[in-house]
Amino acid sequence: MKVQINQKQCGFLLKNGCFLRTLASGTYYYMKALGYEVAVEDMEGAVMFNKVPKEILLKQDPAFGEKVLSVMVPEGHVGILKENGVVAQILPEAEYLYWNVWNHYSVELLDMREPEAANKVNKAYLVRIPLKYYKKIEIQPGELGILYYDNQVVKELGTGTYYYWVYSRDVLCRIVDLKVKPLEISGQEILTADRIGVRINLMCTYKVVEPRTMIETIKNLENQVYACVQLVIREYIGKYRLDELLQQKDEISQFIFKRLKEVEGDYCIEFRSAGIKDIILPGEIRDIMNTVLVAEKKAQANVITRREEVASTRSLLNTAKLMDENQTLYKLKEMECLERICAQVGNIQVGGGALLEQLQALVR
């Protein structure tokens, strides 16, 4: 049996299945009938020869150990394999063996036993590491994160991006939005004190001020705040008659806001504003209100008309008194009337002189 091994290859000589030694480049002759076997492998990447345990190869042939890089990844660590200084792959298993002849391999070990240690790791490494080994937490502006190890509070996280190993601890982060939020209560049907059903639309704003207490004591915050505002609306609207409700809309909004401020501590929030947006009346009540409004406006219009008529009559009376006391003023008034009459006439044709004499008499 002739075996040819080139410069970039390595041979493994076995007899009857037992490893004897490695073979460098060259030409070899062995009798297969005597149980000899040669395995040839390119000296690039991982060592693929697996007919003999790697420990035996390294122990029995020191020359082989000089050509390879043996990697042992301890418990709780992950390896970063670099080929010629460039990250090549992640090593999550315990043992690896790489040819270290034509390409230079090196390994950097990352300790995963402390969750927070992941924040010190090069982000280029984390991109290649599977997400099952770590947790990425992003806190946006206006948010706060509560960090838990094994369901126990560790600390609060501000705005930023964080990484935590999940090898030894269960890592959880609950993010709370600290920005001011609007809450609209729409179409709340409420009976007034005079038993008229109205629908109320209310708008309020609030923000979380005790995030940690809120997480530990309150579930579904928005639903609970919604229910709280509903109860406050019903508590106060039911005390007023319809007319009072329409007249005191702003005052009632202030009462509701004041009442909400009294209970905001129970929900770990702070109310910033609250007020009635709309009051929607039933169809028949709306028709009655429109009829009353039209009647009121007509009455007001009649009063204004009468007032103007009285003022006009009084003005005529005063004018008449002045003309009665002053003949010159009376004459000027006649001429003014004559001027207006003439302005409306294009041509005047008369058959006799009586009309001309009358006009002349008016202007004398």
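This is a predicted model: local features need pLDDT of at least 70, side-chain atom pairs count only at pLDDT 80 or more; totals for chains, interfaces and linings use all residues.
Residues are numbered from 1 along each chain as its sequence is written, and side-chain values use heavy atoms, with hydrogens and water left out. Local features need pLDDT of at least 70 and side-chain atom pairs count only at pLDDT 80 or more, while totals for chains, interfaces and linings use all residues.

The largest nonpolar core holds 40 residues. A core here is a set of buried Ala, Val, Leu, Ile, Met, Phe, Trp, Tyr and Cys residues joined through side-chain atoms within 4.5 Å; buried means under 20% relative accessible area, with a 1.4 Å probe and protein chains only. L221, V229, I233 and I256 touch the most other members. Elements giving two or more residues to this core include β12 (143–149), α5 (221–237) and α7 (249–263), and α5 gives the most, with eight. Helices (H or I, at least four residues) and strands (E, at least two) are DSSP runs, numbered from the N terminus. Leaving out residues up to four places away in sequence, I256 touches L202, V232, I233, Y236 and I276, a contact being heavy atoms within 4.5 Å. A separate core of 15 residues includes V78, L110, A118 and W165.

Strands count as paired if DSSP finds at least two bridges between them. β12 runs antiparallel to β15 (residues 171–177), joined by seven bridges, and Y149 has V171 as its bridge partner there. With β13 (residues 152–157), β12 forms five bridges, again antiparallel, and G145 sits opposite L157. Two residues lie between the strands of the β12–β13 hairpin, where D150 takes a positive phi near 50°.

Terms used:
Buried means under 20% relative accessible area, exposed over 50%, partly exposed in between (1.4 Å probe, protein chains only).
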